[in-house]
Amino acid sequence: MSPAPALTVNEVSKVFTDTQVPTVALKDASLEVAEGEFICLLGRSGCGKSTLLSMIAGLASPTSGAIDTHGNRVGMMFQDANLFPWLTVRGNIELALRLSGIPKPEWDGRVQDLLAMVELPDAGQKRPHQLSGGMRQRVSLARALAQECRILLMDEPFASLDALTRDTLHEEIARVWAQRGLTIVFVTHNVREAARLADRVVIMSPSPGRIVDEVPIGLPRPRRLEQPEVAAASGKLRELLDHYDLKAA
Amino acid sequence: MKAKDDPALATLEPADWPDSGRRRRSIWAAVWPGLSAIALVLVIWEAVVLTGWKPEYVLPPPTTVLAELGGFLLDSKFWLAVSITLLRALVGFSLALAIGTGLGIAVSASRVLRAALGSLLTGMQTMPSIAWFPFAILLFGLTENAIGFVVVLGAAPSIANGLISGIDNVPPPLLRTAKVLGARGLTLYRYVILPSALPTYVAGLKQGWAFAWRSLMAGELLVIIANRPSLGVQLQYFREFANAPALIAMMIVILVLGMAFDAVFSRLAAVVRRNRGLGETRL
């Protein structure tokens, strides 16, 4: 028996018509993500992975096709943490709580729990500009979790971090994902990141952007980037990417 | 208890710990260039007087003017004039604040209003406010309203434009984030767009204040109302009686008051910027 779907993407296309020549950013993408599944959308720039993600988030609407999140709340993290610079860390999280309609008396406890979860228990009074890039992304994660999302969309959230920080955050996100039973759709162009994190990797290819393949990653968790199995899996992903590039060319 | 042990201070950075010695030094560092500049002006002024270029009843030496200024401080009529002028400034600026802010939000939110009023607002900023006075006097006569009308017209466009450019420059990634967090419509404005626009808005307020103060002085020179002494009226009065020391002393009062309010807005802008990690740019 397979678990219930958390997210269904059905024959979704996106055409941008505001350019001189209409651009097909995504063509007939179909995808089903099970509850609690961690999937990575892997592909080169221009393959429509970010476009797909922003449509799932409701920031853009498909030109054709349908997206169903089955009533799950959707949260999103971006390449930049996008913390609101006029608010403290606590203020950023409280704003998410407020916008989710969570009653004020609960805020204090929730902020504490969320900050503890991202291992920044004492950062509440800090301003975003006083934090390092990795800390900012942790706060961004706490803020996304504050809105009690069941589906978390991540658009290359660690791409601008240094390798060591990225490694720590990989552990963190894997832990939070397991603890909270989240469904995660993670966009990346990094094959090793995909092999390290995903239950299943969805491979996308550019011009026009489309889904070309899916690879289950059956490796046991916890995983580490240095494991030979992870390296082997990322090698396979790389070969597949190259294969579809050749086919496209 | 040491500052480090105080829980209220524990989260502060070391640089924020109270340190009266450092504070005194930093105040001095901020103040000495200004003091030197004032001293330099006084020296040049005195030197020009000593050359005998103009007779002393036209261009008095700084000591005479400063004595006159000291005399003002003991004169109740002077304080009445200051209070009337400041009240006009505050009422006019408050009105301009309300109108400019409302206009700014409306123009930034509506494409039609922007097309209709956007360039007009910028044009209004370049219009010398004194050019409004003949019309204002026709409309309202020699009354408080004529002055208030021009003060508001002078300040409101700057305030509106500050807010509009602040709203236009809200970083799109922050807007996307806010939308994913569920902010829509008024909530989006209240919690994201307006706070994000605040630094530019404060810059607009500062400029609006400068325009309001200029318009007010022009107004007080042109629109003289009986039994309503004001700084502008005093200025006119001293010129008519050829009282150069008092005239210059009054100009200094006007300059200092204008600068004091400007300093309030600068301080506000500095606090807003510091909270967001936008330090001062040093070249």
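Of the 283 residues in chain B, 30% count as buried. The structure described here is a predicted model.

**Confidence.** For chain B the mean pLDDT is 88, and 91% of the residues of this chain reach 70 or more. For the complex, the predictor gives an ipTM of 0.88 together with a pTM of 0.82.

**Fold of chain B.** Chain B contains eleven helices and zero strands. Along the sequence, the pattern of chain B therefore reads α-α-α-α-α-α-α-α-α-α-α. Among the contacts in chain B with a separation of 6 or more, 75% are between residues 24 or more positions apart.

| Property | Value |
|---|---|
| Radius of gyration of chain B | 24 Å |
| Box filled by the C-alpha atoms of chain B, along the principal axes | roughly 70 × 60 × 35 Å |

**The interface.** How many residues of chain A are in contact with chain B? There are 18 residues of chain A in contact with 18 residues of chain B. On the side of chain A that touches chain B, β5 (74-77) and α2 (89-99) of chain A each supply at least two residues. The element that gives the most to this side is α2(A), with three residues. By residue type, the side of chain A that touches chain B divides into ten nonpolar, six polar and two charged residues.

Note on methods. Residues are numbered from 1 along each chain as its sequence is written. Chains are lettered from A and ligands numbered from 1 in the order in which they are written. This is a predicted model: local features need pLDDT of at least 70, side-chain atom pairs count only at pLDDT 80 or more; totals for chains, interfaces and linings use all residues. Two residues are in contact if their C-beta atoms, placed from the backbone, lie within 7 Å. Helices (H or I, at least four residues) and strands (E, at least two) are DSSP runs, numbered from the N terminus. Ala, Val, Leu, Ile, Met, Phe, Trp, Tyr, Cys and Pro count as nonpolar, Asp, Glu, Lys and Arg as charged, and the others, Gly among them, as polar. pLDDT is the predictor's confidence in each residue, from 0 to 100. The radius of gyration is taken over C-alpha atoms; the globule rule is 2.2 Å times the number of residues to the power 0.38. A residue is buried if 20 or more other C-beta atoms lie within 10 Å of its own, exposed if 12 or fewer, and partly exposed in between; C-beta atoms are placed from the backbone.
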